[in-house]
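Please look over the sequence and the fold before reading on. The paragraphs below go through selected contacts, one region at a time.

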Amino acid sequence: MPLPPMTIHALREWADNVRRDILGIRFSVNVFIASSIVWDVLVHIADTNPIWAIASMIAASDPQVEEAARMFRSRLINVLVGCVVGLAFLAVGDPSEWKLPVALAVAVFVSSYVIHIQTMWRQAPITAALVIASGLESHSKLSGLENGLHKVGEVLFGCLVGLLVSWLMAKIWPVRKPAAPAHS
């Protein structure tokens, strides 16, 4: 059954758009390579679940190296804020579910009003949540701190792999930013 002429036209237009702007293809290749690296290293070498590292890798990746570096820096700073806040809340007092919402609010406050890095500012409470949740799952303060640091290490590893793959791909397969659309 042949495709209707409108569908053929739409497919040709879509293919022309892809040829003019290949950043999406490059991003797809970057994510494929970086997620393969993160998965293999964390599953087969570190014997741990790589899902948080992969999510972080995607957030820190970009086909434009300058943007990837900016995202990496912002994410790194906010991960560290969340880690410090989460570890501080785990270290003080007994385990309690109330530590989670208070720690998240403190992480947002510190990221928003002390650090002032708006890009990836949501990463601070996400990291604090990872650390606190890891700590609450553990029945000892020490193992909670250890689990929290382990999760943060995974997140940072994913970010680093995302940045390195973005940088390497920019060297191997440089692409220009797409031209801004002309306005009539």
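The side chains of Gln123 and Arg75 are joined by a polar contact of 2.6 Å; a polar contact is a pair of N or O atoms within 3.5 Å, where within protein one must be able to donate a hydrogen and the other to accept it, and residues adjacent in sequence count only if both atoms are side-chain atoms. The model is a predicted one, in which local features need pLDDT of at least 70 and side-chain atom pairs count only at pLDDT 80 or more, while totals for chains, interfaces and linings use all residues. Residues are numbered from 1 along each chain as its sequence is written, and side-chain values use heavy atoms, with hydrogens and water left out.

Gln123 belongs to helix α6 (residues 123-137); helices are DSSP runs of H or I with at least four residues, strands are runs of E with at least two, and both are numbered from the N terminus. Gln123 is buried because its relative accessibility is 4%; buried means under 20% relative accessible area, exposed over 50%, and partly exposed in between, with a 1.4 Å probe and protein chains only. Apart from neighbours within four places in sequence, Gln123 contacts Arg75, Asn78, Val79 and Val155, contact meaning heavy atoms within 4.5 Å.

Side chains of opposite charge can pair when their charged atoms come close. Two salt bridges are counted here, each defined as a side-chain nitrogen of Lys or Arg within 4 Å of a carboxyl oxygen of Asp or Glu. One links Arg70 to Glu67, with the closest N and O atoms 2.5 Å apart. These two residues are three apart in helix α4 (residues 65-91), so about one helical turn separates them. Arg70 is partly exposed at 37% relative accessible area, and Glu67 is partly exposed at 28%. The other bridge joins Lys151 and Glu154, whose closest N and O atoms are 3.9 Å apart. Lys151 and Glu154 are three residues apart in helix α7 (residues 141-172), which means a separation of about one helical turn. Glu154 is buried, with a relative accessible area of 3%.

Asp62 sits in the loop between α3 (51-60) and α4.

Ser35 is located in helix α2 (residues 23-45). A polar atom of the Ser35 side chain lies 3.2 Å from the backbone oxygen of Phe32. Ser35 also touches Ile54 and Met57, residues up to four places away in sequence not being counted.

One aromatic pair is counted. Its rings, those of Phe109 and Tyr113, have centres 5.3 Å apart and planes at 45°, so the pair is tilted; rings of Phe, Tyr and Trp (its six-membered ring) pair if their centres lie within 6.5 Å, with planes under 30 degrees apart counted as stacked, over 60 as edge-to-face and the rest as tilted. Phe109 and Tyr113 are four residues apart in helix α5 (residues 99-115), so they are separated by about one helical turn. Phe109 is partly exposed at 49% relative accessibility, whereas Tyr113 is exposed at 56%.
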